[in-house]
Protein chains: 2
Amino acid sequence: MAWDATQLKDWQIAELAEGNIPTTEQYQEMMGLQKDEIIPYGKTPKIDFLKVINRLKDKPDGKYIEVTAITPTPLGEGKSTTSIGLMEGLGKRGVNVGGALRQPSGGPTMNVKGTAAGGGNALLIPMTEFSLGLTGDINDIMNAHNLAMVALNARMQHEANYDDAELGRRNLRRLDINPKNVEMGWVLDFAAQGLRNIIMGLGGKQDGFMMHSKFGIAVGSELMAILAVAKDLADMRERFKHIVVAYDKAGKPVTAQDLEVDGAMTAWMRNTINPTLCSTVEGQPCFVHAGPFANIAIGQSSIIADRIGLKCFDYHVTESGFAADIGFEKFWNVKCRLSGLKPSVSVLVATVRALKMHGGGPAVVPGRPLPDEYTKENLELLEKGCANMIHLINVIKKSGIKPVICINAFYTDTKEEHDLVKRIAEQAGARAAVSQHWLKGGDGALELADAVIDACKEEVNFNYLYPLEMPLRQRVETIAKEVYGADGVDWAPLAEEKAKKFEADPSYADYSTMMVKTHLSLSHEPTWKGVPKGWRLPIRDVLVYGGAKFLCPMAGAISLMPGTGSDPAYRRIDVDVNTGRVSGLF
Amino acid sequence: MAWDATQLKDWQIAELAEGNIPTTEQYQEMMGLQKDEIIPYGKTPKIDFLKVINRLKDKPDGKYIEVTAITPTPLGEGKSTTSIGLMEGLGKRGVNVGGALRQPSGGPTMNVKGTAAGGGNALLIPMTEFSLGLTGDINDIMNAHNLAMVALNARMQHEANYDDAELGRRNLRRLDINPKNVEMGWVLDFAAQGLRNIIMGLGGKQDGFMMHSKFGIAVGSELMAILAVAKDLADMRERFKHIVVAYDKAGKPVTAQDLEVDGAMTAWMRNTINPTLCSTVEGQPCFVHAGPFANIAIGQSSIIADRIGLKCFDYHVTESGFAADIGFEKFWNVKCRLSGLKPSVSVLVATVRALKMHGGGPAVVPGRPLPDEYTKENLELLEKGCANMIHLINVIKKSGIKPVICINAFYTDTKEEHDLVKRIAEQAGARAAVSQHWLKGGDGALELADAVIDACKEEVNFNYLYPLEMPLRQRVETIAKEVYGADGVDWAPLAEEKAKKFEADPSYADYSTMMVKTHLSLSHEPTWKGVPKGWRLPIRDVLVYGGAKFLCPMAGAISLMPGTGSDPAYRRIDVDVNTGRVSGLF
């Protein structure tokens, strides 16, 4: 039985469904966990990662299903919703299924985009907890991150106020931090554009060191990036040492370890390493762990959550952020390489709406009504736009995976439109299925579930796009040509200089290549839809994250602090003071 | 059996004791709770406040024991340690006992002062959870508070960028906020002196509104003050409406409700209303709920925690921050008036060290060795210094309570010194007991426990120092003379002007009077020890908190953002990556 998603808002469906949310004991039984491996935490228990993984290390992994998407409209095409719907559909088929999703940021949740709990009958619960901080992982990151900044600025103050002899008496050596070369900013988890650029340390000599600084959103923190890729607590502890907070006046990095704050940062995140369990509205367990940005970081839930999921579930569903040219590429060449895990299949989510846009339909603008092209049958635009899907099918096939196309159905779509997309996908060598999980939950996702089960029976000869030995510039060239469809790469002088330095220095040999590019086009230019031809990818700069071990070639601007619009969600969020129930989340 | 507190650090004792920490089921049984009234949360369950209080509303309250102190040295004289030791001592006597303490801030915990978990064998566990964020209440406050600031600055940006017509199209009216009259700042929960004064909103017109701003420590937030005094979720929701974020150009308050963010703020704090349970190392349950500053706020754990504690325990111990002239005065005239609860007894903690200081001993400076006067017997200094204790015994007696003096024993004290203090206390009309809880736990606090049990048998004719009808200036005069021992009050012109306005405006009639004064002297001058004579209390200003409903007459400076010193605790905090155990907290 599904809820009437055309009449009810997501938070209302969540409230209705939460009466049946699994208890800690039910999760334990479903997942074959022992009592001391699951830590009760209100409605959303955490899993003791190390205990589970040690006990099950010899158990074969389940099927590993990644969900990605074609190049989307600015409205998004429903990857989270499809991931949840797929879990529900597989659940209806009676298989042992679960998944992993990212924790949403308070920025979009309080602003215009809303939470990332899926929607309709493909929804994650408890939605309120999921949307408002869950078990506190993002708060932990915020505290650990800001503690490093406290240590930095206080140290700069003390070094300015005391001579070397006095510093020595206080058991401190002069780090000689360059105030014009401070890498790190502060974080909080809202869209606070007013804190993008600040001057701090005004006042007297006890009021901190005066310098330019900035706030980013907490989910964009390097600590979040580290949480997503860390193997375990030891690995996280080690990475924290090497976070570059600033540079000294000789240009040498000043790390969290230099500030003697890396141990305390780890202390604030000792529990963050353990993933939290939520549930689909139909009762499938789903980990929520890490929520890194997809632009400078991996944009996927954690390696730890996938590792446990593959031990606990026969089918484990995980989602990659952004579109397949970024999300799948990072899943393929970074996440799977770091984890050593092998995917069984990728699901590429497509919508008739986005395909029509790629076929030349008018711009889709959030907050404005959709033009007629998108709400009425238009096979011509649709067929033309399928080029984007075909391109991404071919990208995925380069990894050895034969993808499943999920046509995420809208009620305005026609059967002819669905049939056309399906035929084209199959011609391109993919399986394809129409899915109505938003409207019908698992019952609407049976075709998709069957296609995925079928695909998982095939052997995958999984191989990376490039070997780790490949130098940075060649890696970028390979990604640009093979994934984005560019003719080549143009390096700005600064970027090329940095790239050469990284290539020559063996300490960067094991750094991941984490591309920075818009997800609204296969190219770097968000307005170029379909499959842009005859263009070169410009790389303006290469960012380096010493703790996460990422080199980020920048083919686009990144904002690490979104802005709050004039009609944000918080205007409509409230609490029933008699029950504590929250209304207005979406 | 006690741990060897002379050899082990607090975090080591905590680690040893945590093997026996009560389980959720044991707490439930000890406190007579029903299963759905206790919400498991790792090692520290939360209590569903409304459920418990509704079920037990007709049950008579237990004995209500407040712990306060004489005017302390800058090292503190062990109020938290004594509160915990008293719970343990009462536990040894076989009575049903529990208590409530404040949640510590990350500022002192990461800096030089350390956490507030007590010490030695009078320690609260789990110490790591207690010290590092517990169940996230302070994070909730931080998020809810900062969301209001996001709403403020974003609104200022949109009002600057759009004309009235465009604002109207966006369903917004112009609030016309005065950027030179913004009351509220941002918060984070570390000692970040570099964020005391900032310029924010640098950049372009989409980068926020440029203005002066500030960060305070999260525990100093008005939201924390509200959490401590709120009756329930409805009361908290109502108070959030009236938080004054800024003033408009006509001087009228702009509230959280005007910014349409009060509902969402409540959503972030919907669980914060429920207190968390910890335990003494000897197994007595202790609520940890709220941790408001004692300078501008009430400086005590929440009214909610005391209300539940009095229903669940026959003896409920609660601590007041600062010394009795501030902590007890606020407990007496504000907290008890707001809650309607009646205390059974007050325990006034005294140390030989602090009494000697009041008798004319040399200055006690944190981080420097104690002068000989404090480590060798000196009955003359001690006897002279007892004047401070006698003064505060007399203050407490004005409420109708006959206090119990707890002489918090140090190993350098002599029996003659203890006997002298005891005799003087008894002559002043108090009970007195020597307590060795730090060294011996509950076994060391039996004399104290017996004195408290004895005191609780007496009927208390509890009465407030002033009636609510008394005008503000007269209230301050009464407190200054009757509690601090001043000859009178001198009002600065600005303060007097404000006070007259508040007295004339009936909307301030139910506001609490929340004195701001140093705790290091009975006077406003921290260096005046003992019982200063022949002085007048200067009031420079009166702060107003519209949500908490506090008027704060300022007899001293307050810093809402402490600073991080050159040798902070975080340098020594670390995590065992194999077990997740944290070392170095103190």
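**Close-up views of the predicted model**

**Figure 1. Placement of domain 1 and domain 3 in chain A.** The centres of domain 1 of chain A and domain 3 of chain A, taken over C-alpha atoms, are separated by 27 Å. Chain A is assigned domain 1 (10-136 + 272-457), domain 2 (137-268) and domain 3 (472-554).

**Figure 2. Area buried between domain 1 and domain 3 of chain A.** The size of an interface is often expressed as the accessible area lost when the parts come together. For domain 1 of chain A and domain 3 of chain A, the buried area is about 2,000 Å², with 67% given by carbon and sulfur atoms. Of the area that domain 1 of chain A buries against domain 3 of chain A, 28% is supplied by Ile296(A), Asp325(A) and His391(A), more than by any other three residues.

**Figure 3. Polar pairs and elements at the boundary of domain 1 and domain 3 of chain A.** Two salt bridges are counted between domain 1 of chain A and domain 3 of chain A. Elsewhere in the view, the side chains of Lys398(A) and Glu482(A) meet in a salt bridge, at 2.9 Å from N to O. Six residue pairs are in polar contact across the interface of domain 1 of chain A and domain 3 of chain A, both residues at pLDDT 80 or more.

**Figure 4. A three-stranded sheet in chain A.** The sheet is open, its three strands follow the order S21-S24-S23 (chain A), and the pairing is mixed. Strand S21 (512-513) and strand S23 (541-545) of chain A each have a single partner strand and stand at the edges, so one side of each has no neighbour in the sheet. S23(A) pairs with strand S24 (residues 550-554) of chain A in the antiparallel sense, over five bridges. Opposite Tyr545(A) stands Phe550(A) in S24(A).

**Figure 5. The interface of chain B and chain A.** Contact between the chains involves 71 residues of chain B and 71 residues of chain A. The area buried between chain B and chain A is about 6,000 Å², and carbon and sulfur atoms give 63% of this. Six salt bridges are counted between chain B and chain A. Arg196(B) and Asp207(A) meet through their side chains in a salt bridge of 2.6 Å, N to O. Residue pairs in polar contact between chain B and chain A number 33, both residues at pLDDT 80 or more. Elements giving two or more residues to the side of chain B that touches chain A include helix H7 (137-161), strand S8 (186-188) and helix H10 (233-241) of chain B. H7(B) contributes the largest share of that side, 11 residues. The side of chain B that touches chain A divides into 35 nonpolar, 26 polar and 10 charged residues.

**Figure 6. A salt bridge between distant parts of chain A.** Over all chains, a search of the whole structure finds 84 salt bridges. The view shows the side chains of Asp61(A) and Lys311(A), which meet in a salt bridge (3.1 Å, N to O). Asp61(A) is in the loop between helix H3 (49-55) and strand S3 (63-69) of chain A, whereas Lys311(A) is in helix H12 (residues 303-312) of chain A, 250 residues apart.

Definitions and conventions. Residues are numbered from 1 along each chain as its sequence is written. Chains are lettered from A and ligands numbered from 1 in the order in which they are written. This is a predicted model: local features need pLDDT of at least 70, side-chain atom pairs count only at pLDDT 80 or more; totals for chains, interfaces and linings use all residues. Side-chain values use heavy atoms; hydrogens and water are left out. Domain bounds come from an automatic or database domain assignment. Buried area is the accessible area (1.4 Å probe) that two parts lose on being put together, summed over both. A salt bridge is a side-chain nitrogen of Lys or Arg within 4 Å of a carboxyl oxygen of Asp or Glu. A polar contact is a pair of N or O atoms within 3.5 Å; within protein, one must be able to donate a hydrogen and the other to accept it, and residues adjacent in sequence count only if both atoms are side-chain atoms. Two strands pair if DSSP finds at least two bridges between them. Helices (H or I, at least four residues) and strands (E, at least two) are DSSP runs, numbered from the N terminus. Contact means heavy atoms within 4.5 Å. Ala, Val, Leu, Ile, Met, Phe, Trp, Tyr, Cys and Pro count as nonpolar, Asp, Glu, Lys and Arg as charged, and the others, Gly among them, as polar.
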